[in-house]
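Please look through the sequence and the structure shown here before reading on.

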Amino acid sequence: MCGIVGYIGNRTAYQIIIKGLQRLEYRGYDSAGIALYDDEVRLYKCKGKVRDLERLTTGHPIGGTVGIGHTRWATHGVPNDINAHPHRSKNGKFVIVHNGIIENFAHLKNELTNRGYTFESETDTEVLANLIESIYLENKVSVEVAVRIALSKVIGAYGLVVFSADEPDMVIGARKGSPLVVGIGEGEYFLASDVTPIVEYTDKIVYLKDEEIAVIRRDNFKLTNIRNDSMTPDITSVDVKIDNIDKGGYDHFMQKEIHEQPMSITDTFRGRVMPDKNTIHLGGISDVLPKLVTAKRIIIVACGTSYHAGLVGEYLIEEFARIPVEVEYASEFRYRNPIISSDDVIIAISQSGETADTLAAIRMAKEQGALILGICNVAGSSISRETNAGVYTHAGPEIGVASTKAFTSQVMVLTMMAFLLGRKRNIILPEQYRALIQELVHVPGYIEQILSHEEEIRNIAAKYKDATNAIYLGRGYLYPVALEGALKLKEISYIHAEGYPAAEMKHGPIALIDQNMPVFVLATRDKYYEKVVNNIQEVKARSGKVIAIVTEGDTTIRRMADDVIEVPTTPEALMPLLTVIPLQIISYHVALMRGCNVDQPRNLAKSVTVE
Ligand code: F6R
C-alpha cells in the first residue's frame, strides 16, 4: 500500500527514484510524485501512474542528488494531484512521503489550524509535514529532533521519508507498522518500502524495526529509536536477482508469475522434500515441531488469497494429521475476542508479510500465549519477524497485484506440513508417506502440462469474456479453489464472480442460473465426483453454461459440459495445486480481452498495510 523511494548519494536522484517507483507501482498506482533538492526543493506530483509523473517532469529541472518519491494507494482523500505525495509543509521547510494512516490526524490538524496552519490536501500526511515544521520553527530544534518529537505525538502507522530544505544533505526515514528498508551503498543510501528498487544497486539492506528512525547523510547512517536510544543496524545481505523483478519477456507480471509456478513450487519444496530418502524436513519449524505435533488446535489467520490457501490447509491438516484446524479472516479474528490458549498454534499466512490485519492478529494471539508460526514469501517482512518460527514459501518476488504463484507455494508449504505432521503423529503410515512424497515432486511437471494448453484455455476464456457474472463451484479440497478462482476473475476483470461449495448451490445461488451464467465447476475424479456430476446436470437443466475442470480422460463430463479443461491425475489432496492453474489463466485472458490492466487492477494494491 503506497510505495516509497528515497535516495541520497552522488548520482542524479531522479532516475533512481523513478525506476524505483516503477518497481513499487504494484503497491499503489493512483498518483505519483517526486521531490528533489537542487539548490531548492523541486516538487512534481500528479494523479495517475509513474509514467504520468515522467510526462509531467519532461522539460523541467530534475537535477539533484537527494530526493524522495511516492506512488500512492489512496486512504485519506481521493486520488488527485493535490492529495498526491510528497507533501510540503506550509513554509516549505519539509517535504515528506508517507505510507500508513495517522489515526489522530484530525486532532493534530485542529491543533495546527488553531496555530495558523492551513492545508491544501485532505491527507493525514500533509498534517504530519506541518506538525514537523511547527515543532521545528516554534521549538527551534534541529530537523532530526523535530521529526522525533512529531513522531512521538503520532498515533497510527507510518513508513516515511522526510527531508528539509534547511538541511538538504540529510534524509530521515522512520517506520511504525509500515515497512521501510535502507540500502547501504558506497557513499550513497537508498530507502524504500521494500528491497525491489534497491537490489540493483546494493545487496546490503537494513530492515527498519518499528519506531526506529534512520538519519542518513552521504557518508553516514545513524539508527536510533524514537526515544533517541542508539540502535545497532542489523545489516542483511539479500539475494534478489534483477530478473526476478522484471517481466522477463512476458507481457505482464501476472502472466510471468503464472508461468513461473513449476519453478516457484519447486523452490518451495527444494531441500525440504527428499524423495530419495522419503523425508520432509522443514528447518524453519524444526525447533517447535514437538509443540506443533501435539497441538490441540491450529488456527490459521490470513486475508484474501492467502486465506484461501489457509482453507486448503485446513482440509490437508485435518485429513492427514488429524489436528483440528480453524481458518479465520485475520480482520475478524483480531477484533472478535477469540478464545486462544497456550495449547493453540497460530499459523499466519501472508505473501507480503505486511498485511496489517494479519500482523495485528498474530500480535494479539501472542499476548495470549499461543505459539505463532508464519508462512510468508517476503523474507525479513514484519510477520516473518514477529512469528516464533515459520516456513518461507521461496516463491520469489510476486509483483502482479493478483496473487498466483504465492498461492500455490503457500498450498505447497501447507501440504508438506500436513504430510510431515501426519507422519510424526503416525496417522500417515510409511508406505503412504512414501507414495505422497513421490507424487508431490511430480506436481511441477503436471503444472507444466496444464500451462502447455494455455492457447486452448485462452479460447475458452474468449467465449465468456463478456459475461457480467460467474459462479465457481467446488467441493472438499476444491471448494477453496472455487473461492480463489472467483476472486481472481473479479479482481482483474471486474466481472462479478462468486465461489460456493458445490452442494450449497441448491440453497440459493441456483436462482441465478440462466443461459447467460458461466459456471466453472471443479469436477476432478475424487470422492465427490458423482455428486459434482449431479451439480453439473442441475446447472445444465437450467441452461447455465458449464466450464468443467476435470481429470484427464474424463468422457462423462465432456458429454455434459460446454467446455472442458483437463488436468493430470493426482491424489485429491494435491488437486488444488493443479486445478487453480486453468482458473488463473482464464482470469488473465478474460481481463486482457476486456482491456483491463491485469497487473494494476483498479482500486487494489498488492499489500494492504492499513486496516
Ligand atoms: C488477491 C490478493 C489479495 C492478497 C491479500 C493478502 O489476489 O493478492 O487478496 O492475497 O491482500 O495479502 P498477503 O498474502 O500479502 O497477506
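Lys-465 counts as partly exposed because its relative accessible area is 24%, where buried means under 20% relative accessible area, exposed over 50%, and partly exposed in between, with a 1.4 Å probe and protein chains only. This is a predicted model, in which local features need pLDDT of at least 70 and side-chain atom pairs count only at pLDDT 80 or more, while totals for chains, interfaces and linings use all residues. Residues are numbered from 1 along each chain as its sequence is written, and side-chain values use heavy atoms, with hydrogens and water left out.

**Lys-465 and its surroundings**
- Lys-465 sits in the loop that joins α16 (454–464) to β22 (469–474), where helices (H or I, at least four residues) and strands (E, at least two) are DSSP runs numbered from the N terminus.
- Setting aside residues up to four places away in sequence, Lys-465 touches Ile-495, Val-590, Met-593 and Arg-594, and contact here means heavy atoms within 4.5 Å.
- The side chains of Lys-465 and Asp-466 make a polar contact at 3.1 Å; such a contact is a pair of N or O atoms within 3.5 Å, of which, within protein, one must be able to donate a hydrogen and the other to accept it, and residues adjacent in sequence count only if both atoms are side-chain atoms.
- Although 122 residues separate Lys-465 from Ser-587 in sequence, their C-alpha atoms are 9.2 Å apart in space.

**Two buried residues in helices**
- His-589 belongs to helix α20 (residues 575–593), and it is classed as buried because its relative accessible area is 7%.
- Leaving out neighbours within four places in sequence, His-589 is in contact with Glu-454, Arg-458 and Ala-461.
- Glu-491 lies in helix α17 (residues 478–493), and its relative accessibility of 14% is why it counts as buried.
- The side chain of Glu-491 makes a polar contact with that of Lys-488 at 3.2 Å, and, residues up to four places away in sequence not being counted, Glu-491 also touches Ala-402, Ser-403, Pro-601 and Leu-604.

- The domain assignment gives domain 1 (3–244), domain 2 (248–441) and domain 3 (447–598), with bounds that come from an automatic or database domain assignment.
- The contact between domain 2 and domain 3 takes 29 residues from domain 2 and 28 residues from domain 3.
- The largest pocket lies between domain 1 and domain 2, because both give residues to its lining.
- This largest pocket holds about 910 Å³ of space; on a 1 Å grid over the protein atoms alone, a pocket is an open set of points with protein on both sides within 12 Å along at least five of seven lines, a cavity is a set where a 1.4 Å probe fits but cannot get out, and lining residues have an atom within 4 Å of a point.
- Among the 41 residues that line the largest pocket, Val-240, Asn-377, Ala-379, Gly-396 and Pro-397 lie nearest its centre, while α7 gives the most to the lining, with three residues.

**Cavities**
- The whole structure has three cavities of 30 Å³ or more, a volume being the space filled by probe spheres set on grid points that are joined across faces, edges and corners.
- The largest cavity has about 80 Å³ of space, and its lining includes Cys-2, Arg-72 and Trp-73.
- The second largest cavity has a volume of about 60 Å³, and residues including Ala-461, Ile-495 and Val-590 line it.
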